[in-house]
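Please look through the sequence and the three-dimensional model before reading on. The account below moves from the whole chain to one of its sheets.

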Amino acid sequence: MNMQTLEPTTRTGPTWRPVCSVDDLEIERGRAALVDHAQIALFLLADGSIRATCNRDPYSDAYVLSRGIVGSHGDAPTIASPMHKQVFDLRTGPCLDPRGKDPARLRTWQARQDRGTVYLLWGRVR
């Protein structure tokens, strides 16, 4: 796999950042990427869409979500943590099944693909 480690940017507004090749992703299998020192979990879904979340499981503090189980809850694509099986909405990040713990949420990013490259909308929103 040819994942890129991207250097920090000095831009203040969000911008589309290249992360990896679409060929680096497998359908319904997560991949981890490093963007500006942040671990990102990327998921290529069966419908061809790409979802991006923080790779850190908020319940265990382990960077493992890219190894989770992709599924669905109603029409929401989900990721189940490999640690304690909490289920998160891949679109917007809330935990749909906290398994008796306090509610938590994952940070998510908009992702797209263009000409075989995966991009994330990266940076601070003013």
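The model is predicted, and local features are given only at pLDDT of at least 70, side-chain atom pairs only at pLDDT 80 or more, whereas totals for chains, interfaces and linings use all residues. Residues are numbered from 1 along each chain as its sequence is written, and side-chain values use heavy atoms, with hydrogens and water left out.

The protein chain has zero helices and twelve strands, where helices (H or I, at least four residues) and strands (E, at least two) are DSSP runs numbered from the N terminus. Of its 126 residues, 40% are buried, meaning under 20% relative accessible area with a 1.4 Å probe, protein chains only. Among the contacts (heavy atoms within 4.5 Å) with a separation of 6 or more, 44% link residues 24 or more positions apart.

Four strands form an open sheet in the order β6-β7-β8-β9, with antiparallel pairing; two strands count as paired if DSSP finds at least two bridges between them. The edge strands are β6 and β9 (95–97), each of which pairs on one side only.

Strand β6 (residues 69–73) is joined to strand β7 (residues 76–80) over five bridges in the antiparallel sense, and serine 72 stands opposite proline 77 in β7. The hairpin of β6 and β7 has two residues between the strands, and glycine 74 takes a positive phi near 65 degrees there.

Terms used: Buried means under 20% relative accessible area, exposed over 50%, partly exposed in between (1.4 Å probe, protein chains only).
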